[in-house]
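This briefing describes one protein chain.

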Amino acid sequence: MTNRKHFIDKLNDLNQKVLSMGQEVLKTYEQLIIAFKTQDLEIAKQIIENDKIINEIEISINVDAYLLIAKQCPVAVDLRRIITALKISNDLERIADYSANISRYIIKTENDNETFISAILKLTKHFIIMLTGILEAFHNEDIEQALQINDLDEILDNEYTEQVKNM
């Protein structure tokens, strides 16, 4: 196997790991909706446990990316892909932390605030659509789709301010 082929394979593995991490984060939000709707505290506890797994995936991505940089000295276009993977995995980890924090709320309050629950469910559904789109844009390297998702982020921020932050 040529050195370049080996590098490309490793880079593709890194990108696949980022996509897999994104799918895990999506699952936590889908589970979060179920936990809210069913008031199932066990699902909420599982989301908190899965956050640890997502944290480990981020660490693995970081190690893989740093090793690629250190061992291969990638050219600019490849270096941008590696840095993008690092940034996305960091953001995905933070996003997963939010689902764990919301799960802690579910456990703590046992769903005693219907207005808050309704708002979070609505925001979570919008978020799942956005995260699905951004993972697709990453996979397809589609800048236009990523920019469209970025525009949706402002809408989500405004809804959060309107429905949750100002409660």
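**Fold and surface of the chain**

From the N terminus on, the elements of the protein chain run α-α-α-α-α. That comes to five helices and zero strands, where helices (H or I, at least four residues) and strands (E, at least two) are DSSP runs numbered from the N terminus. This is a predicted model, in which local features need pLDDT of at least 70, side-chain atom pairs count only at pLDDT 80 or more, and totals for chains, interfaces and linings use all residues. Residues are numbered from 1 along each chain as its sequence is written, and side-chain values use heavy atoms, with hydrogens and water left out.

Overall dimensions and contacts

- The C-alpha trace of the protein chain spans about 60 × 30 × 20 Å along its principal axes.
- Among contacts (heavy atoms within 4.5 Å) with a separation of 6 or more, 81% are between residues 24 or more positions apart.

Burial and surface

- Of the 167 residues, 40% count as buried, meaning under 20% relative accessible area, with exposed over 50% and partly exposed in between (1.4 Å probe, protein chains only).
- The protein chain exposes about 9800 Å², and carbon and sulfur atoms supply 55% of that area. Accessible areas come from the Shrake-Rupley method with a 1.4 Å probe; for residues, only the protein chains shown count as cover.

Around Val63

- Val63 lies in helix 2 (residues 41-72).
- Val63 counts as partly exposed because its relative accessibility is 41%.

Charge

- The protein chain has 18 positive and 28 negative side chains; Lys and Arg count as positive and Asp and Glu as negative, while His and the chain ends are not counted.

Technical notes:
The place of a charge is taken as NZ of Lys, CZ of Arg, CG of Asp or CD of Glu.
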